[in-house]
Amino acid sequence: MRMKPIHLALALLLSACGGDNAPEEKGPPPEPAANVQTGQKLAAEVCAACHGEQGISQQEGTPHLAGQHAAYLRSALHKYKAGQRQSEAMAGIVEKLSDQDIIDVAAYYAGLPPFDGDRNPAKADGVPAVANPIEQGQQAAAACGGCHGADGHSAMAGTPHLAALSQDYLAKAIHAYKDGSRQHQIMAGMVASLDDKTIGQIAAYYASLPLKGTGKADKGDAAQGKVKSEACAGCHGADGNPGDPKNNPALSAQDAQYLASAIRAYKDGSRKNEVMPGIVANLSDADIDNLAAYFTGQERAAPPPVARPMGAKEWAERCDRCHGPNGTSQVARQFPRLAGQRMEYLQQALHQYHEGKRKHSTMERMVFPITDAEIEAVAAWYSRQK
Ligand code: HEC
Ligand code: HEC
Ligand code: HEC
Ligand code: HEC
């Protein structure tokens, strides 16, 4: 028999989903014969205490089971039983369940009406917007603009431009001032009260700004500096735009006086570093001015782009591909329903995949790049769908 295009597309989708999902090339196998009444009895005696009378859980961290696919419920129970999925609450329960118990109880819960969302305790408050770290960084950097310029382009000779340095280098530099491994009295005071999150946001902000134009040096010979700069090119790039800007800062278009003073600080030992002091040890005063004149005259290339966070709906578009429109799970039986599920349970499950505590190659890949704020938003989104 020829496959209809839609079945073919589904088969391709399923086979692309990774090793955990057996590709169902010949269509799903028939549901095993179940005794729903036995399942109901077992549910009332054992499961209802946590999962609720009708499979609607009132307990934090305990998922609703009503209306979930029987195939998914069976697979989840077998995973607990085999120790592939860890849960203290479920471990003791599944130990006593036979394969037939699992078939019966899964069929019972699958036949119950799913949570309608109206009684969702989390429904009242809206889906949180995912804050943009760049915007938050801009606010947190208000106090830095006086010296480093409102756009990260400093107007004070001797003070570095921060625009278009890489996010990682900026964060590292701020941490170094904070923990004293890079000594500078003014900067130490400026960053003393910043927490890790804010440092990350400020770094994202400056890294997202372009550094336009080039600098001018009032001393030094750029042509001679270019000759000397061959020793620097391996790390900082021939034109001061490094191949690995995370670790090696860009020097192009940087303030000339700052470049010279930074090199002198490595030379006299007041700025500590494993590589730089050895490299600049034999540079003369004239060499240093020449190098600064050369690098300040080069144009800055854009650093690696700063990751833009995605909102709940944008994420959900990726997830609905398997979990069905709005998480209502109409695609295939092994993709669990997410619509109306308890928010904190969804959040917890996503964190477990993210940290590798709940093993599933497809889901681990899906949530690999997700941030905590995005997990919260997408969990809130699905918990509010009917
Ligand atoms: C002591 C409380 C408790 C009892 C009793 C209990 N469960 Fe659970 N169950 C939980 C908790 C908590 C979780 C979430 C665990 C996790 O994060 O993996 C869970 C998860 C599950 C899941 C996974 C659902 C999903 O969406 O992945 C299934 C299926 C399940 N339980 C079925 C049952 C069945 C069937 C029974 C009765 C035979 C039962 N449970 C009894 C607390 C309980
Ligand atoms: C009073 C002026 C002043 C203020 C305000 C100021 N800075 Fe600085 N900043 C400096 C000077 C001067 C240096 C060069 C210090 C050195 O030689 O190590 C510097 C260096 C830096 C560097 C290192 C750049 C590089 O290329 O290695 C970073 C990053 C930085 N500042 C971030 C900040 C942040 C973030 C704030 C606001 C919280 C801030 N600064 C506020 C004067 C200031
Ligand atoms: C082996 C790699 C390597 C080479 C070669 C190298 N650098 Fe560096 N350079 C670094 C690293 C790493 C840093 C950041 C160190 C830190 O955090 O203090 C740095 C920092 C600097 C800074 C400070 C920039 C800032 O924004 O604060 C200047 C200026 C500098 N290098 C100039 C030079 C010059 C000039 C040469 C050639 C004579 C050179 N470097 C060669 C790796 C290198
Ligand atoms: C390629 C198919 C696919 C995509 C895309 C996908 N999932 Fe899944 N998802 C699955 C499968 C299969 C499972 C069951 C895994 C297991 O048994 O642990 C699952 C399980 C889950 C669970 C656990 C449900 C429960 O009841 O315990 C959550 C939560 C979840 N996915 C959320 C998401 C989110 C959010 C996205 C989008 C970022 C997403 N999924 C994208 C296939 C997918």
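The model is predicted: local features need pLDDT of at least 70, side-chain atom pairs count only at pLDDT 80 or more, and totals for chains, interfaces and linings use all residues. Residues are numbered from 1 along each chain, chains are lettered from A and ligands numbered from 1 in the order written, and side-chain values use heavy atoms without hydrogens or water.

H323 belongs to helix 16 (residues 312-323) and M363 to helix 18 (residues 361-366), so the pair ties together parts 40 residues apart in sequence. Helices are DSSP runs of H or I with at least four residues, numbered from the N terminus. H323 is buried at a relative accessible area of 10%, and M363 is buried at 14% (buried means under 20%, with a 1.4 Å probe and protein chains only).

Ligand 3 has 21 residues around it, of which C232, C235, H236, Y258 and M276 come nearest (near means a heavy atom within 4 Å). The side chain of H236 has an N or O atom 2.7 Å from a nitrogen atom of ligand 3. A polar side-chain atom of Y266 lies 2.7 Å from an oxygen atom of ligand 3. Helix 13 gives the largest share of the shell, five residues.

Methods
A polar contact is a pair of N or O atoms within 3.5 Å; within protein, one must be able to donate a hydrogen and the other to accept it, and residues adjacent in sequence count only if both atoms are side-chain atoms. Helices (H or I, at least four residues) and strands (E, at least two) are DSSP runs, numbered from the N terminus. Buried means under 20% relative accessible area, exposed over 50%, partly exposed in between (1.4 Å probe, protein chains only).
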